[in-house]
Amino acid sequence: MSARKPKVTVLGGGTWGTTVASITARKTQTLLWVRDPDIAKAINENHRNPRYLAGFDLTAGLRATADLAEAVGDADVLVAGVPSQYLRGVLEQTVAHVRPFIPVVSLVKGLERGTRKRMTEVIGEVLPGHPAGVLSGPNIAHEVVQGYSAAATLAMPDHRTAQSLQSLVHTSRYRVYTSEDVVGVEIAGALKNVFAIAVGFGDGLGAGDNTRAMVITRSLHELTRLGVAMGGRAETLAGLAGMGDLVVTCISPHSRNRRVGFELGRGKPLEEILASMHQVAEGVATTTAVIRLAAERGIEMPIAREVDAVLNHRQPVEETYRGLLRVTPGHEVDGEAW
Ligand SMILES: NC(=O)c1ccc[n+]([C@@H]2O[C@H](COP(=O)([O-])OP(=O)(O)OC[C@H]3O[C@@H](n4cnc5c(N)ncnc54)[C@H](O)[C@@H]3O)[C@@H](O)[C@H]2O)c1
Ligand SMILES: O=P(O)(O)OC[C@H](O)CO
């Protein structure tokens with residue numbers, strides 16, 4: 001990166017892409033790519049994103065465009081905020097326009113369903129040679145955009161690159177820590193969504209606070225086992241991107257993943273729930289990928305398996321909780337099972 005302040009382009013003008021772009025726009029020139037020209041116009045003229053963050057003021061200097069070639073052509077840093085099942089397609093359209101070897105930071109908390117790949121792996125395939133990392137943590141967009149304090153981890157394979165990118169996004173209210181554990185941060189962000197759906201089941205069924213704490217704690221155990229098996233560090237999984245994000249997603253009324261589980265617990269069919277949302281619940285598609293990754297590595301993930309049974313095999317939610325409670329508990333720390 002040159003001595004002048006790097007130009008940031010954020011791909012994806014959903015709730016979180018818009019929020020992160022509004023933060024970086026306070027620190028450096030930032031362009032947000034959105035699919036809908038009307039949203040680009042509203043951001044440029046009114047500093048608002050009426051579809052995803054209605055009622056919240058964005059940084060006045062933030063510019064938006066619906067032209068992908070224009071968005072990426074001049075960028076020094078790309079930030080990817082397009083949901084996991086669409087990121088590859090969007091990146092493929094940038095290949096002819098993006099400058100060589102600029103860093104790409106994923107904000108995305110999901111795995112590609114068909115390939116089971118992490119987003120930095122997808123970035124590496126579509127944009128080879130670009131340093132790829134991830135920014136993730138307990139970050140409910142509606143709170144961050146209003147300036148409530150929050151923190152996240154920015155993981156890049158190279159520490160110096162992580163430090164230079166940290167300065168573009170860190171503020172007194174959005175604390176950004178660095179890490180080199182890209183795998184751990186990415187796996188944690190993807191898996192916590194699956195477990196938030198499980199917690200939502202319990203809340204929808206009317207389970208108690210003890211039950212919620214039990215499911216969150218045992219989910220952390222599952223998340224850690226798969227994360228470590230895939231090359232992540234246990235300390236990362238116990239940190240902001242792991243435990244921190246698991247907790248907020250499992251308890252926040254704003255969480256879309258928890259809401260999917262909650263509505264299922266209340267008896268609404270999945271198709272109806274998804275049709276009523278104009279936002280993404282990454283855990284739905286990611287569950288399929290997680291189950292296959294765990295099977296390939298011979299890792300027991302009973303909670304994720306029950307989520308998969310409800311989402312993909314029409315198992316009633318009541319059965320899920322009864323099923324979990326029937327399993328005999330093993331050793332709390334060393335046990336393979338729930
Ligand atoms: N919202 C949050 O609080 C939050 C916080 C941290 C991370 N994230 C992660 O950020 C990522 C983006 O989520 P979000 O909350 O900004 O999105 P969102 O749910 O607010 O909006 C949906 C996004 O998907 C895009 N989209 C829909 N269909 C598409 C298609 N066919 N092709 C390309 N793009 C399409 C929309 O343009 C929009 O940008 C997700 O991986 C999410 O897990 C979200
Ligand atoms: O609304 P969710 O469930 O996608 O969660 C949002 C963020 O990932 C919380 O950190």
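## Helices α4 and α5

Let's start with a pair of helices: the axes of α4 (residues 84–94) and α5 (residues 119–126) come within 10 Å of each other and cross at roughly 20 degrees. That angle makes α4 roughly parallel to α5 (angles under 35 degrees count as roughly parallel, over 145 as roughly antiparallel, 65 to 115 as roughly perpendicular and the rest as oblique). Axes here are lines fitted to C-alpha atoms, for helices over the stretch in contact, with angles running from 0 to 180 degrees between N-to-C directions. Helices (H or I, at least four residues) and strands (E, at least two) are DSSP runs, numbered from the N terminus.

On the α4 side, Ser-84, Leu-87, Arg-88, Leu-91 and Glu-92 meet Met-119, Val-122, Ile-123 and Val-126 of α5, where contact means that C-beta atoms, placed from the backbone, lie within 7 Å. Sorted by class, this contact has six nonpolar, one polar and two charged residues (Ala, Val, Leu, Ile, Met, Phe, Trp, Tyr, Cys and Pro count as nonpolar, Asp, Glu, Lys and Arg as charged, and the others, Gly among them, as polar).

## What you are looking at

This is a predicted model, in which local features need pLDDT of at least 70 and side-chain atom pairs count only at pLDDT 80 or more, while totals for chains, interfaces and linings use all residues. Residues are numbered from 1 along each chain as its sequence is written, and chains are lettered from A and ligands numbered from 1 in the order in which they are written.

## Two domains

The protein chain is assigned domain 1 (8–180) and domain 2 (184–326); such bounds come from an automatic or database domain assignment. Taken over C-alpha atoms, the domain centres are separated by 25 Å. Their contact takes 26 residues from domain 1 and 27 residues from domain 2.

On the side of domain 1 that touches domain 2, the elements giving two or more residues are α4, α5, β6 (132–136), β7 (150–155) and β8 (174–179). Strand β7 gives the most, with four residues. By class, that side of domain 1 divides into 10 nonpolar, 11 polar and five charged residues.

## Ligand 1

Ligand 1 has 24 residues around it, and Gly-14, Thr-15, Trp-16, Ala-141 and Gln-279 come nearest (a residue is near if its C-beta atom, placed from the backbone, lies within 6 Å). Helices α1 (15–27) and α4 are the elements that give two or more residues to this shell.

In terms of class, the shell around ligand 1 has 11 nonpolar, 10 polar and three charged residues. Domain 1 and domain 2 both give residues to the shell, so ligand 1 lies between them.

## Ligand 2

Around ligand 2 there are 13 residues, with Asn-139, Thr-249, Ser-255, Arg-256 and Asn-257 coming nearest. The elements that give two or more residues here are α8, α11 (240–251) and α12 (256–265), and α11 supplies the largest share, three residues.

## Helices α8 and α15

One more helix pair: the axes of α8 (residues 182–205) and α15 (residues 302–313) come within 9 Å and cross at roughly 70 degrees. The two helices are therefore roughly perpendicular to each other.

Val-194, Phe-195, Ile-197 and Ala-198 of α8 make the contact with Ile-303, Ala-304, Glu-306 and Val-307 of α15. Here the residues divide into seven nonpolar, no polar and one charged.

Technical notes:
Two residues are in contact if their C-beta atoms, placed from the backbone, lie within 7 Å.
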